[in-house]
Structure formats: structure tokens, C-alpha cells
Amino acid sequence: MAEWKQKRFWKEATAAECDGGFEVLLDGRRLKTPGKAALVMPTLAMAQAVAEEWAAQEGEVQPLTMPVTRSANSAIDKVSTQFDDVAALIAAYGETDLLCYRAEGPAELIARQAEVWDPLLDWLDEAHGARLGTNEGVMFFEQDPEALARLRSEVFRLSPFELTAFHDLVGLSGSLVIGLAAIAGQQPAEALWAASRIDETWQAELWGEDEEAQEMAQAKKDGFLHADRFYKLTQ
């Protein structure tokens, strides 16, 4: 990230077509990743979003204000170079998916989980031919190997840029099902995030939520919504 510590030297950041995709030019100079690779992106929309982030910089470059740039860098420098490992890690969430582990009580929480999570599991079965089972409590139980294999194949079909977004959609929500629903546009991202937070919302309603917990939850939500946006930019 060393080159990101420099002050702004360019007057214009523009998106342009290039061999293999689209890139961003800073006064005609090609933008590179922290790993010194060419920052070549799959869509013009993504390149334009990156160009807008660079155009908005004033003084010293602030990476935290450039989420699309950071995700694009990760897709090239990290995910593409270890694609199989990342895909396998994310696919494994199906073995212990959040939506499959249900509360043992109280009845209102059980009903709330079923109301939101059962339709997502039904959708998964309809869309991918993979039926995941559910169980009460947190003890591990085995899912149908064939269902898991089908879901794994869906993950491995993603491109490095798509997998970069999918990694955060699944990791932040704790659910492979929610991640797949997000990239399919099955529900709005806000609704899917809320689905992943049923247990936390229930606890907050009972006991209240402190400021630190709220800040952490908001940071995770922001990351989830950014991942959803980044995935859309790959299409």
C-alpha cells in the first residue's frame, strides 16, 4: 500500500477500455495494484467507479475512502492468485450455514427464524437443487453431501472478481445461502442483511445494545452492502 501514501499528483482520472477489460488512467498513466499488477477490471461500470474514487481524492490518498479500488486490488492480487483456496473456504460455509441452526426457544424467536429463513432454504432448493436440513441448537450435524457438492460447484463457477464480493457476502453474513441469494438478486441486500441478524436483533430487543456493538454491526453491514454493490459492478 506504499504508493497510496503519496499526495494527489494527477488532474484527471478516467476509465478506458484496454486489452482484457477496462482500466483507470491518471493523466494517461495506467493505475496498478499494490502488487504492481495492471488494474484491469471486467466492466466499464467498475472502472468508472474506481475512477470516481480517485477523482474524489484530495491531498494524501485515503484508501479507506476507496472501497471499490480496494476490492478490485484484492481480486487481482489475492483472490486470483489463490482462487481454489478462497472458493473452498467459502463453499465450506454450507456445512454449518447460519440458516440451518435454529433456536431451541423461545417460541417467538423460533417463529421469527422460520418465517425469514425457511423461504431462503426453499429458494435454494428450487434454484440450485440443493436442500439443506435444519436442526435445533448449535451442535454440528451433517448435511446432504450431494447438496453441498452442488453448492460448491456454484462457488467455483465465479470469476475472481465475483468471488471477491461473494467472500464478504458469505463471511459477513455467516451464510452461504444468503450469499447466493444476494448475487442472484433474490431479495434486496438490506433485507438479506437483516435476515442474517435475526439472533442479534432479538438479543438487542431483550437487553438493549451498547454503542460499541452498534458500531461493529454497522461496519459489518456497510461491508455487506459494499460487497453487494461490488458484485453488481462485475456484471
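Pro 106 sits in the loop between strand E4 (101-102) and helix H4. A cis peptide bond joins Gly 105 to Pro 106, with omega at about -5 degrees. The structure is a predicted model, in which local features need pLDDT of at least 70, side-chain atom pairs count only at pLDDT 80 or more, and totals for chains, interfaces and linings use all residues. Residues are numbered from 1 along each chain as its sequence is written, and side-chain values use heavy atoms, with hydrogens and water left out.

Two residues other than glycine have a positive phi. Asp 27, with phi of about 50 degrees, lies in the loop between strand E2 (21-26) and strand E3 (29-30). Lys 36, with phi near 75 degrees, lies in the loop between E3 and helix H1 (44-55). Most residues other than glycine have a negative phi, and most peptide bonds are trans. Asp 27 is partly exposed, with a relative accessible area of 41%. Lys 36 is exposed, at 58%. Here buried means under 20% relative accessible area, exposed over 50%, and partly exposed in between (1.4 Å probe, protein chains only).

The protein chain has 10 helices and 5 strands. Helices (H or I, at least four residues) and strands (E, at least two) are DSSP runs, numbered from the N terminus. Of the 235 residues, 41% count as buried. The C-alpha trace spans about 60 × 40 × 25 Å along its principal axes. Among contacts with a separation of 6 or more, 64% come from residues 24 or more positions apart; contact means heavy atoms within 4.5 Å.

Helix H8 (residues 189-196) has the buried residues Ala 189, Leu 192, Trp 193, Ala 195 and Ser 196. These residues lie on the same side of H8, because they cover an arc of only 155 degrees around the axis. The arc is that of the directions from the helix axis to the C-beta atoms. The buried residues of H8 pack against helices H4 (107-128), H6 (160-173), H7 (176-184), H9 (198-207) and H10 (211-233).

Glu 136 lies in strand E5 (residues 135-136). Leaving aside residues up to four places away in sequence, Glu 136 touches Arg 102, Ala 103 and Glu 104. Its C-alpha atom is separated by 46 Å from that of Gly 35, 101 residues apart along the chain.

The model has 0 disulfides, a disulfide being a pair of cysteine sulfur atoms within 2.5 Å. Cys 18 is buried, at 15% relative accessibility. Cys 100 is also buried, with a relative accessible area of 0%.
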